[in-house]
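Welcome, and please open your viewer so that we can walk through this model together. At each stop you will get something to select and a short note on what is there.

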Amino acid sequence: MALFDFHQTYLNILSQTSQKRQLHKCTGSSFSSNDYLGLANSPEILSAAQQAIDETIPIGSGGSRLLSGNHPQHEALETEAAIFFKAQSTLYFANGYAANMAVLSTLPQKGDVIFYDNLIHASSHDGMRLARCKAQLFIHNDVQDLKAKITAWRAKNPDGNIWIIFETYYSMDGDIAPIDALSDLASDYDAIMVIDEAHAFGVFGPDGRGLAAHLDGCDNAIILRTCGKALGCEGALLCLPSIARDFLINRARQFIFSTAPSPLIAYTVRIALRIIQTQPERRKALIELCDYAGKILSPLGAITHGGPIIPIIIGDAKHTMDIASALQNSGFDVRGIRPPTVAEGSSRLRICISLNIDKTDIDALALMLRKLL
Ligand SMILES: Cc1ncc(COP(=O)(O)O)c(C=O)c1O
């Protein structure tokens, strides 16, 4: 057997079943970016990066936060973010993937249990794989199902913490969690919530703080805000009780055994936080554009819940990817999403609305979709 025989066979199967992924250049009007507020290329963020260079803020941190990598920019960002979110504390990670992995592999202990929404992100799944306790799914957004599962578990397990994992605005379906009902349930059962606001942060909530902003500062809420989506930068902020922050600094392998994020990028995140706080007009323009897209695209089968993620479920993976390619060849950067990212038979076009496009782009996309669908 040749060295990569297994891998070649596997890739061949992916090709035959229309599941082989390839890297594409982003060309045409952007309907796939999570840079919702158009900040990544904005003069404000670019000039923040320039200013950071002028002030000789380093690009690389040179080490783990626990060794030489802890830079005043990380600490300034965490202090400002804690004030902005009204959180007990915050901890900055290189990305949301590492932050979710760190929380779930480190905080739940033996004898605890994790209940997770069926549609949570891969990074939470990977964190749970490393967790010290068992994890059980609950039906997507179904509070009654979760309650039944918690009650059954608690009846047999008088001790042990209960952890509830959910997103507020789901990344592939664009629907919103019943946040208050989940939070009430968590309070009733003394459960701890791990809330992923990756796609809600910057878009929804007071000052763009997300849909779970009212839970910041609670003893039973750990909230993830990623900085690579609406903030247009990179990294992720965990907003969490101080004791949980301290525990992660001491025990999270993703935090300890990894080079600290770029101080220069931490500086740009500080500026981006100020922008979302002081420029509510960006959020208003985005939501107006999302409403417009919803109106134009829903007759074509698009599902909209009023936010920037608007899926059109096609079903078959090959058919989805063919339509996505036809759109790309016609100048629309729309991506097809297929298993394993979404469930078998629910392949879809994931249309993302951002301030990098305008109404005429949406009209043109609708025209092309009408021809293709
Ligand atoms: C819901 C959700 N959580 C976490 C992440 C990971 O965040 P990051 O891109 O910063 O690694 C993503 C990114 O795709 C996401 O969609």
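Start by selecting Asn141, which you will find in the loop between strand 4 and helix 6 (143–156). Keep in mind on the whole tour that this is a predicted model. Asn141 has a phi near 60°, a positive value in a residue other than glycine. As background, most residues other than glycine have a negative phi.

Now select Asp190. Where does Asp190 sit? Its place is the loop between helix 7 (179–188) and strand 6 (192–196). Asp190 is not a glycine, yet its phi is positive, at about 50°.

Next, colour the strands of the open sheet whose order is 2-8-7-6-5-3-4. The sheet has 7 strands, and their pairing is mixed. Which strands stand at its edges? They are strand 2 (89–93) and strand 4 (134–138), and each of them pairs on one side only.

Zoom in on strand 2 and strand 8 (residues 236–240). How many bridges link strand 2 and strand 8? There are 5 bridges, and the two strands pair in the antiparallel sense.

**A pair of helices**

Select helix 3 (residues 72–85) and helix 10 (residues 263–278). These helices pack at an angle of about 20°, and their axes are 8 Å apart. Angles under 35 degrees count as roughly parallel, so helix 3 is roughly parallel to helix 10. The crossing of the two helices is left-handed.

Show the side chains where the helices touch. On helix 3, the contact is made by Gln73, His74, Ala76, Leu77, Glu80, Ala81, Phe84 and Phe85. On helix 10, the residues taking part include Pro263, Tyr267, Arg270, Leu273 and Ile276. Sorted by class, this contact of helix 3 with helix 10 has 11 nonpolar, 3 polar and 3 charged residues.

Move on to the open sheet formed by 3 strands in the order 9-12-11, where the pairing is antiparallel. Strand 9 (309–315) and strand 11 (335–337) stand at the edges, each with a single partner strand, so one side of each has no neighbour in the sheet. On average, and with direction ignored, neighbouring strands here are turned by 30° against each other.

Select strand 11 and strand 12 (residues 347–352), which pair in the antiparallel sense over 3 bridges. Pick out Ile337 and then Arg348, its bridge partner in strand 12.

Then look at the loop between strand 11 and strand 12, where Pro340 is found. What kind of peptide bond joins Pro339 and Pro340? The bond is cis, and its omega is about 10°. For background, most peptide bonds are trans.

**Stepping back to the domains**

Finally, zoom out and colour the chain by its division into domain 1 (22–40 + 280–372) and domain 2 (57–277). Domain 1 is written as two stretches, 22–40 and 280–372. Taken over C-alpha atoms, the centres of domain 1 and domain 2 are separated by 27 Å. Where the domains touch, 22 residues of domain 1 are in contact with 22 residues of domain 2.

Notes
Residues are numbered from 1 along each chain as its sequence is written. This is a predicted model: local features need pLDDT of at least 70, side-chain atom pairs count only at pLDDT 80 or more; totals for chains, interfaces and linings use all residues. Side-chain values use heavy atoms; hydrogens and water are left out. Axes are lines fitted to C-alpha atoms, for helices over the stretch in contact, and angles run from 0 to 180 degrees between N-to-C directions. Helices (H or I, at least four residues) and strands (E, at least two) are DSSP runs, numbered from the N terminus. Angles under 35 degrees count as roughly parallel, over 145 as roughly antiparallel, 65 to 115 as roughly perpendicular and the rest as oblique. A crossing is left-handed if the near helix is turned anticlockwise from the far one by less than a right angle, and right-handed if clockwise. Contact means heavy atoms within 4.5 Å. Ala, Val, Leu, Ile, Met, Phe, Trp, Tyr, Cys and Pro count as nonpolar, Asp, Glu, Lys and Arg as charged, and the others, Gly among them, as polar. Two strands pair if DSSP finds at least two bridges between them. Domain bounds come from an automatic or database domain assignment.
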